[in-house]
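Here is a friendly walk through one protein model, written for someone meeting it for the first time. We'll start with the sheet, then move on to the helices.

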Amino acid sequence: MALRLLVCMIWASALLLAAPAHPNVPAAAQPSAHFDAAAASQAWLDTVPPSAHARSDAYFQGGYWLMLWDFLYGSAVLIFLLATKISAGLRDFAERIMKIAFLRDLIYWAEFTIVYAALTFPLTVYESFFREKQYGLLNQNFAGWFRDQLVMLALAVVLGGIAIAVFVMLVRRLPRTWHIWGTVVGVAFTAIGALITPVFLMPLFNTYTPLPDGPLKTRILALAHANGIPVNNVYTENASRQSDRVSANVSGLFGTDRITLNDNLLNRVSPEGVMATMGHEMGHYVMHHIYNSILFAAIGIFVSFAILRWGLNWCFGRYGARWAIRDNTDIALLPAALLIISILGFISTPIANTFTRTQEYEADIFGINAARQPDGEAEVDVLLGEYRKLDPSPLEEFIFYDHPSGRKRIYAAMRWKAENLCLFDHALPCATSVSGGGE
């Protein structure tokens, strides 16, 4: 135990030593009497080489098409399982080996999940392995990547099976009002997921260790306590096992709260950038974004279930005999339910993205005010541009972005800096007007 702790401390200390001491601030973003927020933002964007800019744009824009292909291919697989009566066959097999309805539904879900995963595997392996490797965004070999896929599949079988079996039970027992009670259960499952994910699920993929005591940890905890976040430790995860992407989070509910930053953030970002990121993540916590998200999910679940109830009745009436479906509570109708939910999710993508993007921008503003590290914020935003298009059109951002664009986030940081120049150079005044317009 002591040896493992020593190794972890040496490893984390090495990461801290490897991190940049300070952000490399471009000349136009340096504090001066003629500081211009728009020019400073452009200077930060210009630190990205044209080749890297083109590569991240190509990667992110390619994702637009993948969203469409994921939807179309997944929908085709679901229709195939219904039309060929494979879904009915999976139901029949579950009935032969199990008489208890709840457990029978669990068995059907396990069969269905494995079959669906196998049929969609070609797209999965291209999208999340070969394409990520092509753009230099994946550090794992195929064996490591496949191991993580199997863990996710196992979680989907077990946790997804419990959720599906409960929902099917509601449909059978409350045929007229299941969409209402299903919403209540769906919200409960969402909250449980927020509780258990950081503590029990994420450690299945990465190793979490306490950040060694030192100035950075002291600063992070001081920032947390100053904003009423009841944590007494900070954790790091070895996310570099999967990729070089920087990330952090403040997660949990009802006593499971924890602050986590990945080793890439420690290794690639200055302490100012780490504090800016921590300020952003703490903003989510302080502004109750987890609870807001659960409320938003409740509205989405209720609307979806109301439409789903009508859709399942329609599917059974029109195709029930052709698909060997016995009634509208038959578990074999599940692919139709998932197809309807998939269509609703695809159509509502801009709405969901706008909700999330708005919360992310609120957290940005909170983080800049709390951590007071605008250059650290810009430094991190540039790194996020390795896999996010930094300067999209307004329509692109509205439809496809669940975070503000890099340009918008950097400008928000530089706008704050323009109003607080005295914090960076005591010879300069604060509360000056922001020149240069901007976003």
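## A look at the sheet and the helices

Val234 stands opposite Ile259 in β4. Keep in mind while you look around that this is a predicted model. Val234 belongs to the pairing of strand β2 (residues 234-237) with strand β4 (residues 258-262), which is parallel and runs over four bridges.

On to the other pairing of β2. β1 and β2 run antiparallel, and three bridges join them. Here Pro210 sits opposite Tyr235 in β2.

Now for the whole sheet. What is the order of its four strands? The sheet is open, and the order is β1-β2-β4-β3, with mixed pairing. At the edges you'll find β1 (208-210) and β3 (248-251); each has a single partner strand, so one side of each has no neighbour in the sheet. On average, neighbouring strands are turned by 30 degrees against each other, ignoring direction.

The sheet has a helix lying across it, too. Helix α11 (residues 271-286) lies across β3 and β4, and its direction is at about 30 degrees to β3.

Next come the helix pairs. Two packed helices are described by the angle between their axes and the distance between the axes. Here are three such pairs.

| Helix pair | Angle between axes | Distance between axes |
|---|---|---|
| α6 (residues 121-134) and α7 (residues 142-173) | roughly 120 degrees | within 12 Å |
| α14 (residues 349-371) and α17 (residues 406-419) | roughly 30 degrees | within 10 Å |
| α12 (residues 289-319) and α14 | about 170 degrees | 12 Å |

Let's take them in turn. On the α6 side, the contact is made by Phe121, Thr124, Val125, Ser128 and Phe129, while α7 brings Phe142, Trp145, Phe146 and Gln149. Sorted by class, this contact of α6 with α7 holds six nonpolar and three polar residues, and no charged ones.

What about α14 and α17? Their axes cross at roughly 30 degrees, so these two helices are roughly parallel to each other. The crossing of α14 with α17 is right-handed. Glu360, Tyr361, Asp364, Ile365, Ile368 and Asn369 in α14 meet a set from α17: Lys408, Arg409, Ala412, Ala413, Arg415 and Trp416. By class, you get six nonpolar, one polar and five charged residues in the contact of α14 with α17.

α14 also packs with α12, at an angle of about 170 degrees. That makes α12 and α14 roughly antiparallel. This crossing is right-handed. From α12 come His289, Asn292, Ser293 and Phe296, and they face Ile351, Ala352, Phe355, Gln359, Glu362 and Ala363 of α14 in the contact. The contact of α12 with α14 divides into five nonpolar residues, four polar and one charged.

Finally, a word on aromatic rings. How many aromatic pairs does a search of the whole structure find? The search turns up 22. One of them is formed by Phe167 and Phe189: the pair is edge-to-face, 6.0 Å centre to centre, with 80 degrees between the planes. Phe167 lies in helix α7 and Phe189 in helix α8 (residues 178-201), so this pair ties together parts that are 22 residues apart in sequence.

Methods: Residues numbered from 1 in each chain as written. Predicted model: local features only at pLDDT ≥ 70, side-chain atom pairs only at ≥ 80, totals over all residues. Heavy atoms only, no water. Axes fitted to C-alpha atoms, helices over the stretch in contact; angles between N-to-C directions. Contact = heavy atoms within 4.5 Å. Nonpolar A, V, L, I, M, F, W, Y, C, P; charged D, E, K, R; others polar. Pairing = 2+ DSSP bridges. Phe/Tyr/Trp six-rings, centres within 6.5 Å; stacked < 30°, edge-to-face > 60°. Parallel < 35°, antiparallel > 145°, perpendicular 65-115°, else oblique. Left-handed = near helix turned anticlockwise from the far one by under 90°.
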